[in-house]
Amino acid sequence: MVRNILRKLLHNKAAMSGLAVILLLVFAGIFAERISPHDPYKVDLAVKLLGPSARYPLGTDQLGRCILSRLIYGTRTSLYTAMTVTLVILAIGVPLGIIAGYIGGAVDNMIMRLADIASTFPSSLLALAIVGIFGPSLYNLMLVFIFLWWAPFARMVRSSVIKLKETEFVMAAEAAGSRRISIILKHIFPNTLSPIIAYATLRIAAVIVHIAGFSFIGLGSQPPTADWGVMLNDGRQYISSYPMLLIWPGLMIVVVVLAFNLFGEGLNDALIPSSEERAIVKETGGANV
Amino acid sequence: MSETPVLQIRSLKTYFYTKNGVVKAVDGVDLDVGKGRITALVGGSGSGKSMLSMSVMNLVEKPGRIIDGQVWLNGRDLRTLSEKELKDVRGKEIAMIFQEPTSAMNPVLKVKNHLFEAVHTHDKKLRMRDKLDEFRDVLLRVGLGNPDKILESYPFELSGGMCQRVMVAMGIVTNASVLIADEPTSSLDLTTQAAILEELLRLKDAGMAIVLITHDLGVVAQTADDMYVIKDGKVIESGPVCDVFASPQQAYTKFLMEPIALLR
């Protein structure tokens, strides 16, 4: 089965190019110190606002910092936050979904009402509130998305668990005397994985866009952090004179989001055989800002 | 039957409480299943045969409820056992072969994992590699050639009939004292059907008590020792197969036998 999925995925050119870009960026993020030509935080007003040159491949910003180095370090910030947030929301949403779907009744009701609250609460409002109370920082912003975005995962998992609970193979496992926990781990959880994996990949892209957006308006990463959102904000006042200050970080965001979306869609196609379920992930999964 | 039956069911009642009233799926059934005998439950669809077997396992789901009766297995009334004790009975003392071969297998587990789980659930010390030879042997016995390949296959790579045979193999490896087989031959061609039935007869000779749920009277005639005709949750006729076939008392039994009579 794994072989079939891999084969399908390998033949999907869009997904593979997305994966290539993701791997390249992950590599860049991990080895940022090695591959950056300069220190991304070193201010040198003597070389401010330079165009591309051999020394500064993408030029420098208003404080004379190397744009390429800042972009590379920004990759680290972006991917690290997006992946952490996604892993944490998976760790919260998946077990809650399994509990809600498997146990049902009042427990289900409670978890699902919490999910309703989480998914209807506007993220910008919560971000403003949290930033207002605890001050602006990337970690506070990550908390906002963790609080709100576990809900669609819980809901997806719950609905597959409810479907799976009624299947004959779960009944057969019960008739074979399997313990509850082993039914959940062996029979239910693995069968919920495919849509979750595809959806999580798409969610990473959404987190990147949102974090960059909030950093841009000053609610997330703070200057002088090398973050794409912060870079966009810094370059705002130079939009007419030095547009490249905005174009580079903007381009990075577009590229990384596109890469995750392409790869996520590819995973989606490979992992979920029925087009009906696929549509559900596609409708709700994209990086809609 | 001189020996005490392995499985004795007394006035078992399973009702479903729906919005449109009470559905009596099992309505006061008495049943004896003897060691080393094949007991056939016969009836049309919706007659409550499958619900009866779920009730024996105490796996009736809401809105259904077992409201009365006893299920004696090897001298213990299963209805008085706790859920924890029941888990030790299910799959170890009573094994069950499910009706729908393709949906009764977990799509993410290979055949060998299915077979292994059937035994590992009740003996955590078992190792897969110690059981593989036995699994191969059982698969061959249920008519699956090339068992090495089958063991490594996922259910969706097999046909419905092959899955059904794997299900039978899963019932066999448990080595339970009672095997409930719900339509074990429904999607098989005649040759394979014969192989499965032969295997059931072999298990019976080895001392297993087999409950064969079917609507195929031909299968009953070939294999079963005793038969129970079930209609609307009630046993309307029972006895040794040859007696029932020779002189069916009830109109419904005659009606079920009509197609066979026509062939004669």
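Tutor: What follows is a close look at the interface, and then at the chain on one side of that interface.

This is a predicted model, in which local features need pLDDT of at least 70 and side-chain atom pairs count only at pLDDT 80 or more, while totals for chains, interfaces and linings use all residues. Residues are numbered from 1 along each chain as its sequence is written, chains are lettered from A and ligands numbered from 1 in the order in which they are written, and side-chain values use heavy atoms, with hydrogens and water left out.

Let us begin with the extent of the meeting. On one side, 18 residues of chain A are in contact with 26 residues of chain B, where contact means heavy atoms within 4.5 Å. The size of an interface is often given as the accessible area lost when the parts come together. Chain A and chain B bury about 2000 Å² between them, and 56% of that area is on carbon and sulfur atoms; buried area here is the accessible area, taken with a 1.4 Å probe, that two parts lose on being put together, summed over both.

Next come the pairings across the interface. Side chains of opposite charge can pair when their charged atoms come close. The rule finds one salt bridge between chain A and chain B, a salt bridge being a side-chain nitrogen of Lys or Arg within 4 Å of a carboxyl oxygen of Asp or Glu. The partners are R179(A) and D88(B), whose closest N and O atoms are 3.4 Å apart. D88(B) lies in helix α2 (residues 83-89) of chain B and R179(A) in the loop between α9 and α10 of chain A, so the pair joins two chains; helices here are DSSP runs of H or I with at least four residues, strands are runs of E with at least two, and both are numbered from the N terminus. D88(B) counts as partly exposed at 35% relative accessibility, and R179(A) is likewise partly exposed, at 32%. For these classes, buried means under 20% relative accessible area, exposed over 50%, and partly exposed in between, with a 1.4 Å probe and protein chains only.

On the side of chain A that touches chain B, the elements that give two or more residues are α9 (168-175) and α10 (180-216), and the largest share, six residues, comes from α9(A). By class, this side of chain A has seven nonpolar, five polar and six charged residues, where Ala, Val, Leu, Ile, Met, Phe, Trp, Tyr, Cys and Pro count as nonpolar, Asp, Glu, Lys and Arg as charged, and the others, Gly among them, as polar.

Finally, consider the chain that carries these helices. Chain A has 13 helices and zero strands, and buried residues make up 51% of its 289 residues. The C-alpha atoms of chain A fill a box of roughly 75 × 45 × 30 Å, taken along the principal axes. Of the contacts in chain A with a separation of 6 or more, 71% are between residues 24 or more positions apart.
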